[in-house]
Amino acid sequence: MPKQLNNSPNSNSPPFPESKWLTVCYQPVSLFTLKRSDATSMAARSNLVPTPYTIKMALLKALLESQGKHHQDDFDDWIKQEFTWIRDLQIYILPPEQLVVNRNGYKLRYYDQTADKADKSRTTLPMQDGFVFREWIHLQGELQICVGINEEVSNKSPEKSRNKLQNQLQELTQLFAQINYFGKKGCFFQYLPDRTQTTNQPTFTPNPNNSFTIQPMDDFGAKTTFNKINPFSNDRATIDKDRIIKPGLLPLKLRSTSARYDFYQRD
């Protein structure tokens, strides 16, 4: 199991000064798939759980859909402020009790992806036959996400800083309640409002002393901007700068495996 933290006053301080932590739970209601960052378009292994990058993108999507229309006149200033604190969130993920990874191969027809669309003189095939590899994951149990807000309390105005932190915590709760899928569209999750809790320290953290499985975890870079991750912007994101990929530890143990499936169980 992940390391449980002691909430007593003498326990170790959280990773961020004056952090407030929110834990939310989701019930998976469909198969889950999320291509790993190092996957190709034709052969893609799936992450076992949503990554911090995916979760933050889902939060931004909920934010823009619910509040963006109210900031048409001051959108740039508003999104810069909102994006900054969402970017800096510290996220831990606790997978469900059991996972089954199903491997599937498909034969399909697709457009020539190697064609240079700007070179009109080049002869290309309009459609090609191809074989793609995908993984779909059945999640049994609840997916838990623990999020910490990084907000330093000012010595000149500690009360104002704490009020701002509480407002962000409330906004974060509302945004999570609007999310109904992670990863590929159609990978639905049901938000469980009665399982939401706030604490002064994270309810769980990765514990390498127990059995664990390594999964690449992508996240926002510490200095990236909204335009860098905005698909409608001309600014390009750079790997290891705007989008960083680090190994993450999941408390999962591989119980059985074959050519068609992997079965994991949470420790």
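Biologist: What makes Glu97 and Arg266 a salt bridge?

Modeller: A salt bridge needs a side-chain nitrogen of Lys or Arg within 4 Å of a carboxyl oxygen of Asp or Glu. The side chains of Glu97 and Arg266 meet at 3.5 Å, N to O. So the pair qualifies as a salt bridge. This is a predicted model, where local features need pLDDT of at least 70, side-chain atom pairs count only at pLDDT 80 or more, and totals for chains, interfaces and linings use all residues. Residues are numbered from 1 along each chain as its sequence is written, and side-chain values use heavy atoms, with hydrogens and water left out.

Biologist: Where do Glu97 and Arg266 lie?

Modeller: Glu97 is in the loop between strand S2 (90-94) and strand S3 (98-110). Arg266 is in strand S11 (residues 261-266), and the two are 169 residues apart. Strands (E, at least two residues) are DSSP runs, numbered from the N terminus.

Biologist: Why is Arg266 called buried?

Modeller: Buried means under 20% relative accessible area, exposed over 50%, partly exposed in between (1.4 Å probe, protein chains only). Arg266 has 17%, so the residue counts as buried. Glu97 has 37%, so that residue is partly exposed.

Biologist: How do you know that Arg103 forms a salt bridge with Glu135?

Modeller: Their closest N and O atoms are 3.6 Å apart. Arg103 sits in strand S3 and Glu135 in strand S4 (residues 128-140).

Biologist: Why is Glu135 called buried?

Modeller: Glu135 has a relative accessible area of 1%, which is under 20%. Arg45, Arg103, Glu135 and Asp262 are linked in a network of salt bridges.

Methods
Helix = DSSP H or I, 4+ residues; strand = E, 2+ residues; numbered from the N terminus.
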